[in-house]
Amino acid sequence: MTAADPDRPFRSLAGPTPPVAPDPAFAAALRDRLRRELLLQQRPPVPAEPRRTPMPAISPYLVVRDARGAIAWYAEAFGARTVDGPYPDGDRVGHAELEIAGATLYLADPYPEYGLEAPGTAKPPVSLHLAVPDVDAVMGRAERAGATIERPATDEPYGRGGRLVDPYGHRWIVQSAPAAAEQAPEPGDAVYLTLNVPDGRRALDFYGAVLGWTAVPGRVPDGWQVEGRTPMVGIGGGATELGMVPMYAVADIEAAVAAVRAAGGEAGDVERQSYGLSASCRDDQGLPFWLGQLS
Amino acid sequence: MSSPGTRAVGPPPDPGLLSLYDRALPEVYGYLLARCRSRAVAEDLTGETFLAAVRAEAAGGAPTTVAWLIGTARHKLVDHWRRLEREERGLRLLHGTDEVEDPWDAELDALRSQQVLDALAPQHRAALTLRYVDDLPVPRVAALLGRTVHATEALLVRARTAFRRAYESTGGGAP
């Protein structure tokens with residue numbers, strides 16, 4: 001019989017417990033304490049990557065629908081690095097800091113409750129001016145990634161530039177400095193250094209930390225155009241042969257290729273590049289270099 | 001206060017836990033109050049439970065749920081009973097080490113049962129509450145109390161005996 005079951009009488013003790021609202025003063029005090037604790041816990045945040053530039057006096061703070069998507073998009077199109085955050089806030093991103101070409105960009109998801117809305121269908125009244133060495137590469141990349149080209153790149157007295165609207169409704173003016181008319185390289189000058197490494201992103205991080213280099217994405221996957229260096233520097237990821245390959249300026253590349261071969265070196269085919277003509281060579285001891293006839 | 005999008009330096013506080021707070025607070029507080037029967041203790045343990053959630057989230061744990069909070073509150077309650085037991089141990093001898101149980105098949109009155117539970121020694125109250133009010137299997141009770149299953153079963157025998165003795169000595173008497 002059930003009398004032998006010692007648990008039996010106690011079974012009636014089980015049952016759901018009704019929720020009870022505590023004293024409102026206690027509830028408010030505890031809520032306040034939790035808010036402070038949460039703030040304490042979030043500081044210091046570990047930056048995703050070290051910040052390379054001090055905080056500028058003015059930084060654009062974008063409201064974007066789908067901030068996570070936008071962070072990925074700006075990385076793909078403009079080579080943006082996430083230097084802080086993103087800080088999740090439920091389903092939204094409450095704050096994130098990107099570095100694009102050495103400049104700082106903040107962004108967050110819309111917060112309609114604070115009056116912070118993403119761009120609508122109207123034309124954005126503020127444009128973001130992005131200075132890059134290679135306007136065509138950046139605009140091409142942005143267009144492939146879904147940007148709307150408002151004005152294709154053209155050469156102007158102040159440099160080559162174009163306009164685009166990104167998928168989040170923000171307009172960018174992509175601009176390069178005027179072609180370096182100051183001093184054209186002399187034939188024989190080293191004009192360009194290419195760092196061939198297995199991981200271009202990693203090399204950029206290393207030289208960014210050591211030398212302060214910043215870069216924008218190049219034309220090839222994991223290729224990076226280092227900004228503002230003399231001679232110009234590029235980083236090529238995915239290389240199996242480690243090394244730095246210089247490009248030497250020549251006045252006549254066909255003649256120079258012939259001279260390489262005559263001197264016992266090797267020269268590949270002359271290739272057309274956006275900056276002129278190039279040929280991949282090795283000297284007679286096997287050391288690689290490029291020849292460049294700059295236009 | 002800072003609001004998202006208007007502040008350039010620190011991040012906005014993650015309102016994940018705070019948005020859960022309004023819904024979870026009565027659940028956690030209600031759970032604790034029904035078992036410890038003291039507003040002050042329930043408030044203390046509620047605070048400890050939510051602060052544990054902050055630390056767990058900061059440590060990269062899974063997002064907090066009401067179920068997680070109740071589970072944590074249960075641990076806090078056990079800790080509370082354990083403290084109470086230590087305090088009372090010096091004052092009082094635990095009676096009845098006999099582990100032989102007479103058959104008992106009473107129909108318990110809820111209100112009277114609660115009063116009896118409140119008056120039991122913390123160890124007995126903890127064991128009976130976890131086993132019967134929370135309806136946890138003995139191995140779970142053992143884990144929460146930090147005892148072996150065998151020791152927990154023995155504790156439950158003593159607790160039921162103590163409960164029965166107290167119950168029958170109050171109110172309407174033995175059936």
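**Ground rules.** I number residues from 1 along each chain as its sequence is written, with chains lettered from A and ligands numbered from 1 in the order in which they are written. Because the model is predicted, I ask for pLDDT of at least 70 for local features and 80 or more for side-chain atom pairs, while totals for chains, interfaces and linings use all residues; side-chain values use heavy atoms, with hydrogens and water left out.

**Entry 1: chain B overall.** I began with the element count: chain B has seven helices and zero strands. Helices here are DSSP runs of H or I with at least four residues, strands are runs of E with at least two, and both are numbered from the N terminus.

**Entry 2: α5 against α6 in chain B.** How do the axes of α5(B) and α6(B) cross? Helix α5 (residues 122-133) and helix α6 (residues 138-145) come within 9 Å and cross at roughly 140°. Axes are lines fitted to C-alpha atoms, for helices over the stretch in contact, and angles run from 0 to 180 degrees between N-to-C directions. The pair is therefore oblique, the class left after under 35 degrees (roughly parallel), over 145 (roughly antiparallel) and 65 to 115 (roughly perpendicular). I noted the crossing as right-handed, that is, the near helix is turned clockwise from the far one by less than a right angle. From α5(B), A126(B), A127(B), L130(B) and R131(B) make the contact, and α6(B) answers with V138(B), V141(B), L144(B) and L145(B).

**Entry 3: T152(B).** Next I went to helix α7 (residues 149-169) of chain B, where T152(B) lies. Is T152(B) buried or exposed? T152(B) is buried, at a relative accessible area of 0%. Beyond its neighbours within four places in sequence, T152(B) touches V138(B), V141(B), A142(B) and R147(B).

**Entry 4: a four-stranded sheet in chain A.** Here I traced an open, mixed sheet in the order β5-β8-β7-β6. β5 (127-131) and β6 (148-156) of chain A each have a single partner strand, so one side of each lacks a neighbour in the sheet. The twist averages 15° from one strand to the next. β5(A) pairs with β8 (residues 171-175) in the parallel sense over five bridges; pairing requires at least two DSSP bridges. In that pairing, S127(A) has R171(A) as its bridge partner. Helix α3 (residues 135-144) of chain A packs on the sheet, touching β5, β6, β7 (159-165) and β8, and its direction makes about 15° with that of β7(A).

**Entry 5: around β12 in chain A.** I finished at β12 (residues 232-236), where four of the five residues are buried. Which strands join it? β9 (residues 190-196) runs parallel to β12(A) over five bridges, with N196(A) opposite G236(A). β11 (residues 223-226) runs antiparallel to β12(A) over four bridges, and V226(A) has V233(A) as its bridge partner. The β11(A)-β12(A) hairpin has five residues between the strands, and G228(A) takes a positive phi near 70° there.

Technical notes. Contact = heavy atoms within 4.5 Å. Buried < 20%, exposed > 50% of the residue type's maximum accessible area, 1.4 Å probe, protein only.
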